[in-house]
Amino acid sequence: VREPLEPGLKLAVTLRHLATGMNYADLMYAFRVARNSISLFVPEVCEAIYSAYKEEVMPDNITEEDWLRISAEFERVWNLPHACGALDGKHIRIKKPADSGSLFYNYKNFFSIVMMAVVDADYKFIWLSVGSYGSSSDSQIFRDSELRPMLEEGTLGLPPPSPLSNADRDTPYFLIGDDAFPLRSWMMKPYSRRYLDHDERIFNYRLSRARRVVENAFGILTMRFQSLLGTMQQVPETVDSIVLACTTIHNLLRVRRRAELRQYVDEEDNNHNRVDGQWRQGPQLADGEAGYQRNVANAAGIAQRDYLKNYLNSEAGSVDWQENMI
């Protein structure tokens, strides 16, 4: 009977594939392991990584105390109070699945699955949806996800509304999105009119500054795991497992080896101008399509955005350098 492959060898082969994007044929010669064996154990190892560390770095249930900690970090680092995460979607290129028609064919004219994620102030993924058809827009994916009803029904665990610093009006906690997402009390996005007044431009700057965390998180992820940048040859189910393993390891590195990853992320100079991180020097995942949503704003969302705009332009909520950034 042939001796089974050592778990350490399987892990080494899988990590090499994730980190470099080497195909199975090249890995076969590098590690002297049959290509068909590699194709069988890579998804198994990815699922094992996700299962082993998921509760530590990306748990399903986030407590109110955790949300308050995330919000406090957004306010401390990015000067945006009551933000609890930034939301965005990216396309991951795949080989056309058999008999799939145009389901995976996206607006960029290639086949893909969509990865949608919420990221905290420290570039960690705190919610993730992987495997949606490439033909779906961000608005469709969000509408059909488990996240939207949890936000609408208040079951996500966000803290109850409370006053902003040096203010007396209770304000809901929220996620940060772009035009693909609806404007609600639990989802803030920039003003999108062509001609913005001074206060609206300040608001857009402050919101976009905090929203950079999700761009950076995707950039760091793909710089670390080059397999996500090419056309992945596996079936969509295996691609889903690979993406989940990559995001899990990404979060683990942010927790345990944070200092070593500093050069990858955007920073700011003494005048708060952006200094590009290393992730911007390489290729990146394609953005998701915004799509069309009915009722993209409601009265509560409009009122809260206007209130936040006034607050961020007031003495209580402004920062010294914001006038120089518009």
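I worked from a predicted model, in which local features need pLDDT of at least 70 and side-chain atom pairs count only at pLDDT 80 or more, while totals for chains, interfaces and linings use all residues. Residues are numbered from 1 along each chain as its sequence is written, and side-chain values use heavy atoms, with hydrogens and water left out.

Entry one, α3 and α8. I looked up helix α3 (residues 35-57) against helix α8 (residues 236-256) and found that their axes come within 8 Å and cross at roughly 40°. The two are therefore oblique to each other (angles under 35 degrees count as roughly parallel, over 145 as roughly antiparallel, 65 to 115 as roughly perpendicular and the rest as oblique). I noted the crossing of α3 and α8 as left-handed. By class, their contact (heavy atoms within 4.5 Å) has eleven nonpolar, four polar and four charged residues.

Entry two, α4 and α7. I then took helix α4 (residues 64-78) with helix α7 (residues 198-224), which pack at about 115° with axes 10 Å apart, and that makes α4 roughly perpendicular to α7. On the α4 side I listed F74, V77 and W78, which meet R209, A210, R212 and V213 of α7; these residues divide into five nonpolar, no polar and two charged.

I placed N204 in helix α7 and recorded it as buried at 11% relative accessibility (buried means under 20% relative accessible area). A polar atom of the N204 side chain lies 2.8 Å from the backbone nitrogen of Y191. Not counting residues up to four places away in sequence, N204 touches P190, Y191 and L196.

Definitions and conventions. Axes fitted to C-alpha atoms, helices over the stretch in contact; angles between N-to-C directions. Helix = DSSP H or I, 4+ residues; strand = E, 2+ residues; numbered from the N terminus. Nonpolar A, V, L, I, M, F, W, Y, C, P; charged D, E, K, R; others polar. Buried < 20%, exposed > 50% of the residue type's maximum accessible area, 1.4 Å probe, protein only. Polar contact = N/O pair within 3.5 Å; in protein donor to acceptor, adjacent residues only side chain to side chain. Left-handed = near helix turned anticlockwise from the far one by under 90°.
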